Amino acid sequence: MRERLTARVLLFDPQGRILLMKGRLANRPQGTSSWFTIGGGVDEGESLIEGAIREIAEETGFTEVEIGPVVWTREGPGVLVTGEHVIFKENYIVARCAGGEPSREGWADYEVDLIDDIRWWTLDEVAATTERIYPERFGELIIDVAAGTYPDAPLAITVIGVAS
């Protein structure tokens with residue numbers, strides 16, 4: 001299977017809230033939505049950081065961002081919206097912006113179909129929710145990152161498709 005380099009973005013506003021999207025995979029039925037970070041595939045010829053900046057702009061409309069380090073990595077099999085099976089190589093990158101209401105103007109048609117919501121979350125809301133947030137252990141892992149405490153090297157977190 002082909003590898004798909006992916007820039008997942010842990011985007012924070014000045015209040016320390018993190019932006020999450022709620023949606024489902026193309027091969028999943030209605031009602032199977034989960035929350036997850038913004039971001040997506042890195043295009044041919046792009047660096048990981050360039051892909052992250054592009055994804056932030058496309059999915060939120062925010063163009064003034066401060067990019068931080070990659071703090072987590074995760075990999076495993078998955079399916080693209082085209083139906084292609086790939087190995088996702090996810091890199092979770094910290095970023096900060098001025099906040100505000102995210103724009104959906106840059107969304108592709110499939111994103112409009114598959115994304116139900118996008119909103120800022122406080123850490124208390126993340127801790128209290130009973131809804132699924134990916135990656136696994138998100139509520140535990142995000143605490144240090146939100147406080148600005150980053151690992152010396154990216155932390156390899158649970159492999160996609162394997163419960164923790």
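A salt bridge here is a side-chain nitrogen of Lys or Arg within 4 Å of a carboxyl oxygen of Asp or Glu. This is a predicted model, in which local features need pLDDT of at least 70 and side-chain atom pairs count only at pLDDT 80 or more, while totals for chains, interfaces and linings use all residues. Residues are numbered from 1 along each chain as its sequence is written, and side-chain values use heavy atoms, with hydrogens and water left out.

**Salt bridges**

Select aspartate 13 and arginine 17: their side chains meet in a salt bridge, N to O at 2.6 Å. Buried means under 20% relative accessible area, exposed over 50%, and partly exposed in between (1.4 Å probe, protein chains only). Aspartate 13 is therefore buried, at 3% relative accessibility, and arginine 17 is partly exposed at 27%.

Go next to glutamate 46 and arginine 54, whose closest N and O atoms are 2.7 Å apart in another salt bridge. Glutamate 46 is partly exposed at 21% relative accessibility; arginine 54, at 17%, counts as buried.

Then select arginine 119 and glutamate 125, a salt bridge with its closest N and O atoms 3.5 Å apart. Arginine 119 is partly exposed at 28%, as is glutamate 125 at 34%. The whole structure has 13 salt bridges.

Helices (H or I, at least four residues) and strands (E, at least two) are DSSP runs, numbered from the N terminus. Select strand 3, residues 34–41: seven of its eight residues are buried, so the rest of the structure largely encloses this strand.

Which strands pair with strand 3 in the antiparallel sense? Two strands pair if DSSP finds at least two bridges between them. Strand 1 (residues 2–12) pairs with strand 3 in the antiparallel sense over four bridges, and alanine 7 stands opposite glycine 40. Strand 2 (residues 18–23) also pairs with strand 3 in the antiparallel sense over four bridges; here methionine 21 has phenylalanine 36 as its bridge partner. Strand 7 (residues 133–134) pairs with strand 3 in the parallel sense over two bridges, with tryptophan 35 opposite isoleucine 133.

**Glutamate 59**

Select glutamate 59 in helix 1 (residues 48–60). This residue is buried yet has no salt bridge, and the nearest side chain of opposite charge, arginine 8, is 5.5 Å away. For charge, Lys and Arg count as positive and Asp and Glu as negative; His and the chain ends are not counted. The side chain of glutamate 59 does reach the backbone nitrogen of glycine 39, at 2.8 Å.

**Nonpolar cores**

A nonpolar core is a set of buried Ala, Val, Leu, Ile, Met, Phe, Trp, Tyr and Cys residues joined through side-chain atoms within 4.5 Å. In the largest, which has 18 residues, select Val9, Leu11, Leu19, Ile38, Ile56 and Phe62, which touch the most other members. Strand 1, strand 2, helix 1, strand 5 (85–97) and strand 6 (115–121) each give two or more residues to this core. For the last stop, select Phe12, Trp35, Trp121 and Ile142, which are among the 17 residues of a second, separate core.

Note on methods:
A polar contact is a pair of N or O atoms within 3.5 Å; within protein, one must be able to donate a hydrogen and the other to accept it, and residues adjacent in sequence count only if both atoms are side-chain atoms.
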